[in-house]
Amino acid sequence: MSSPKYKRVVLKLSGEALAGEQGFGINPSVIKSVAQQVKEVSDLGVEVAVVVGGGNIWRGKIGEEMGMDRANADYMGMLATVMNSLALQDSLEMLDVESRVQTSIEMRQVAEPYIRRRAIRHLEKKRVVIFAAGTGNPYFSTDTTAALRAAEIEAEVILMAKNNVDGVYSADPRLDVNAVKYEELSYLDVLKEGLAVMDSTASSLCMDNNIPLIVFSIMDNGNIKRAVCGEKIGTIVRGNK
């Protein structure tokens, strides 16, 4: 059995990844696959926290087209992440993986409020902690949430699981056949070249706190475990190359 390289990780899942090929909503087979992969990692003794996006249910761009107030659109996105988080929790618990959802917006009937020390205690007890509702503030993405929570719980790495690419490229590989895949980058490279890895706020936060980031495809079963065990997959982004 492979031994893990990291003891505590933050897994960042885009909402679109949960939609699968249907592009909207939650694909049952995809979320079951993600839950199974998280279980594989948890069974290795790794402490796993998860941040899920909400783009499969609501995108801010739709609100913009409607002329909606940006803050309201962002709050709707936060609620979408709660829906995804509860669905993931249910899938995990079907596999007998203990988990807790913590929300940045208080809604005690469905989840715990986010409390840093309580989150760390859950992780120490080998429960999977799912951080929902973003940072609780508009104008911040779930990428920034992942970076912030990783810093707060002292995670060793952020695992960014994508559904449409298997790493970081010089351009969109779906549109540019000459796009080059990077094996390793620095956060300064990402910021200077404007690479679409995560937003600049999240990149700066990771760089300032020296949190490495691994970008890989979620569509290949076992990739989360491979990343946790230190196999070379996708692209790794570090504070310094």
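The model is predicted, so local features need pLDDT of at least 70 and side-chain atom pairs count only at pLDDT 80 or more, while totals for chains, interfaces and linings use all residues. Residues are numbered from 1 along each chain as its sequence is written, and side-chain values use heavy atoms, leaving out hydrogens and water.

**α2 with α4**

- Helix α2 (residues 28–42) packs against helix α4 (residues 70–94) at about 60°, with the axes 9 Å apart; helices here are DSSP runs of H or I with at least four residues, numbered from the N terminus.
- That makes the two helices, α2 and α4, oblique to each other (angles under 35 degrees count as roughly parallel, over 145 as roughly antiparallel, 65 to 115 as roughly perpendicular and the rest as oblique).
- On the α2 side, the contact (heavy atoms within 4.5 Å) is made by Ile31, Val34, Ala35 and Val38, and on the α4 side by Asn84, Ala87, Leu88, Ser91 and Leu92.

**A closer look at α4**

- With 25 residues, α4 spans 37 Å from its first C-alpha to its last, close to the expected 36 Å (1.5 Å times one less than the number of residues).
- Where α4 starts, a side-chain oxygen of Asp69 comes to within 3.2 Å of the backbone nitrogen of Ala71.
- After α4 comes Asp96, with a positive phi near 65°.

**α6 with α8**

- Helix α6 (residues 142–152) and helix α8 (residues 200–208) pack at about 15°, their axes 8 Å apart.
- α6 and α8 are therefore roughly parallel to each other.
- Asp143, Thr144, Ala147 and Leu148 of α6 make the contact with Thr201, Ala202, Leu205 and Cys206 of α8.

Note on methods
Axes are lines fitted to C-alpha atoms, for helices over the stretch in contact, and angles run from 0 to 180 degrees between N-to-C directions. A polar contact is a pair of N or O atoms within 3.5 Å; within protein, one must be able to donate a hydrogen and the other to accept it, and residues adjacent in sequence count only if both atoms are side-chain atoms.
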